[in-house]
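Please read it alongside the sequence and the structure shown here.

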Amino acid sequence: MDAIWTERVADELAVVSPEGTTVRFRLPGPADRLAAFLIDLFLTQLASALVLLAVVAIAGVAPAAAWAVYLIASFFLRNVYFAFVELLWSGQTIGKRQLGLRVIARDGGPLTGQAILARNLTREIEFFLPMVALSEPRRLLPFSEGWSVVLAVSWLAVFAALPLLNREHLRCGDFLGGTVVVRLPKLALLSDLALRDTRGPAYLFSPAHLDVYGIEELQVLETVLRRAAERDHPELVDGVRERIQRKIRWTAGGRVDSVEFLRAFYEAQRAHLERKMVFGVRKERKER
Amino acid sequence: MSSFRLRSSQFRREREGAWGELEVLVARAELRGIRFLDAGDVLSLAALYRHAVGSLATARAISLDRNVLDYLEGLVARAHLCVYGYRQGPREALAEFVGSDFPRTVRRFGLHVAAALAMLLAAVGAGSAIVASDPERYYDVVGADAAQGRTPTASTEELRKVLYGTGGDEAFDLETFATFLFTNNAKVGLLCAATGIAAGLPVPALLASNGLALGGMAELYRSRGLAVEFWGWILPHGVSELLAIALCAAAGLAFGGALLFPQNRTRRDALSSIGRQAAILVLGAVGMFLIAAIIEGIFRQTVQDPAARWAVAVASLLLWAGYFTFGGRNRGRDLD
C-alpha cells in the first residue's frame, strides 16, 4: 500500500498572508528550473540567430563581424527578454509557463519591478559572461587560454552550485532580488467520495472497527478509491479490502463487493475521524 | 438531498460554487494580468479570495478529504498571488527605477560614492605623477593591453592619429563595440564578484589600476602637448564610465562594510538588505556603461572637433550631477 502513497514533502515555502492564514507553495526541483531556463535560452538564441540572418541578408556583413553581430543581438535580446517578459507576465517567462513555475517575492508580498530587474540582470554575471569568456578565452585573461577556461568554468560552477546548496534553490539573483521560484499548483476539485445517494451505507462498522486506522491510512484509501473510479483495478481493490478486513477484524456472512465495501468504510472512517478532530483529537496513523 | 452524513461534505457543498468562481477569475487574472479585469471582477476576486481563505482555515480544522484540502491550498496560493503579488508593468518598473530608485540610492550611498571617486582621482593623479617623474615607468602603470600602441616610443603624430582615427570600415566598428560591451560587463562582473567574496577589499585595487592607467596615459599625451585633445577624447564617454565605475566601487564598499560591521543586525540580514541596494547601484551603472559605450562607439567616431567633444563632456557631467542631485526627490515612497 505504501507504493501509491506520496508523503507530503518538506520542500514547501510557507507564507503568512495578511488574513493570518499560512499559504503554502511547493518549490520546484533544480531540474525544472534548469529546463525552464533552457527553453528561454533556446528562444533568445534562436531570435539572435534570426537577427544575424536578417542582418546578413539585408546588409551583407563580413564573416568576421558576424560573430560580433550575434553577440550584440544576443546581449540585448536576452537581457530585454527575461526582464520584460517577467514584468509583463508577473514573474513568468515562456519556459516557466511551460513548466508551471512562477517567481514570487520571498515574503509573499508584491513582486516589484526592482526585484525582477535585479534577479534577471544578474544572469549576465552568473551565466552569460563566463559563457562568452569560454567562446573567446583570450578576452578574459590575455596571457593564458588554459587559465581563462579554468577561471570561466569554475565561475560557472560556483553560480550553478549555489541553487543546489540551499533549501529554496535560490540563484544569486534570487538572493539579491529577494525572490523565490515556486510551482503553481494545479487545481482539480474531484467529486466528494463520501457523498452518495440516500440509500444508506452498504456495510456497517462499529467504533471498535474505526479506531484502528488514522488519517494517513484514510487518505491512502482515498487515493485508492479515486484510482478505482478512473479505471477498474480489481486486484488492487480486492487486495486493499482483504488487508483492511483482516486488520480491523471485520467479517460478513456472504460475498463482499470490494468497491462497495471500501466506499462504505471510507465514509464511516472519515466521519469517525472528523468527529474526533472536532473534539481536538487528531489520530495521524494507526499504531503498529 | 437535504441532509449529509458528514459535516465536511455539507461544508464543501455549500462553498464549492464560490471556489469555482474564484478559480475562473484567478485563471483569467493569471493569463492576462489583473489589470485586464474590470472593476467588478477585481472586487469579487478580493471578496472570493477572503472567502476561500476562510474555507481553507475551516477545512484544515474539520475536513479529512485530501483532495479538497489540496485543492483549497492550491486555490488560495494562486489567488493570494493575484491579490497580493500584484506587479508593475515593464513601463512602470523602468520609470520607477530611472525616476526614483536609482538616483535616491546613489544619494543614500553618497559618502561611499565620494570615497570611490576620491580614490579614483587620487590614482589618476598618482599615475600621471609617476610617468612625469620617470617615463620609463609608463609600462608599470599602463598595462600592455590597455596601451594598444599608445606608448612613449610612438611618435606624436601616431598618438594624435589615435585621437582622431575614424576606426575604419563598419565591420570593424561593430567588432570594437562588441568587445566593449564585453569588457565593460566583465568589469562590472569582476567588481561585483570580487567584492562579494572579499568584503570589498579589492575595490581600492581595481580603482587604482583603472586610475593609474588613465593618469599615465594622460601624462604621456600632456608631455607631447596633446592634453586638451586627449581629455576631449576620453571625457565625453569617460565621465559616464568613470562615474559608473565609482558607483560599482561604492556598491562594493557598502557590501564590504555590511560584512565587516553589520551593526545591530545579523550578518545575513545586513548583507541581503545592502545587497538589494547595491544591486540598484550596479544596475544603474550597467546602464551608464551602455551610454558610455554608445557615446564612444558612435559619437567619437563621427565628431572630430575638440570643442564639440569638450561640450559633450561638460554637458554629460552636468546632466549626471543634476540627475543624481535632484532625481526622484518629489517621490513620496521611501526605499526599503
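**Notes on the predicted model**

1. A search of the whole structure finds 0 disulfides over all chains, a disulfide being a pair of cysteine sulfur atoms within 2.5 Å. Cys172(A) is buried at a relative accessible area of 19%, and Cys248(B) is buried at 3%.

2. Side-chain values use heavy atoms, with hydrogens and water left out; residues are numbered from 1 along each chain as its sequence is written, and chains are lettered from A and ligands numbered from 1 in the order in which they are written.

3. How many residues does each chain bring to the contact? Chain A gives 76 residues and chain B gives 68 residues, contact meaning heavy atoms within 4.5 Å. The size of an interface is often given as the accessible area lost when the parts come together. Between chain A and chain B the buried area is about 6500 Å², and carbon and sulfur atoms give 64% of it; buried area is the accessible area (1.4 Å probe) that two parts lose on being put together, summed over both.

4. The interface of chain A and chain B holds 3 salt bridges, a salt bridge being a side-chain nitrogen of Lys or Arg within 4 Å of a carboxyl oxygen of Asp or Glu. Arg24(A) and Glu73(B) meet through their side chains in a salt bridge of 2.7 Å, N to O.

5. Which element gives the largest share of the side of chain A that touches chain B? Helix 2 of chain A does, with 10 residues; helices (H or I, at least four residues) and strands (E, at least two) are DSSP runs numbered from the N terminus. By class, this side of chain A has 44 nonpolar, 16 polar and 16 charged residues. Here Ala, Val, Leu, Ile, Met, Phe, Trp, Tyr, Cys and Pro count as nonpolar, Asp, Glu, Lys and Arg as charged, and the others, Gly among them, as polar.

6. Chain B has 13 helices and 0 strands. Of its 336 residues, 48% count as buried. Among contacts in chain B with a separation of 6 or more, 78% come from residues 24 or more positions apart.

7. Over all chains, the search of the whole structure finds 28 salt bridges. One of these joins Glu86(A) and Arg123(A), with the closest N and O atoms 3.9 Å apart. Glu86(A) lies in helix 2 of chain A and Arg123(A) in helix 4 of chain A, so this pair ties together parts that are 37 residues apart in sequence. Both Glu86(A) and Arg123(A) are buried.

8. Asp174(A) and Arg119(A) form a salt bridge in which the closest N and O atoms are 2.8 Å apart. Asp174(A) belongs to helix 6 of chain A and Arg119(A) to helix 4 of chain A, so the pair ties together parts that are 55 residues apart in sequence. Asp174(A) and Arg119(A) are both buried. Salt bridges that share partners join Arg33(A), Glu86(A), Lys96(A), Arg119(A), Arg123(A) and Asp174(A) into one network.

Notes:
Predicted model: local features only at pLDDT ≥ 70, side-chain atom pairs only at ≥ 80, totals over all residues. Buried < 20%, exposed > 50% of the residue type's maximum accessible area, 1.4 Å probe, protein only.
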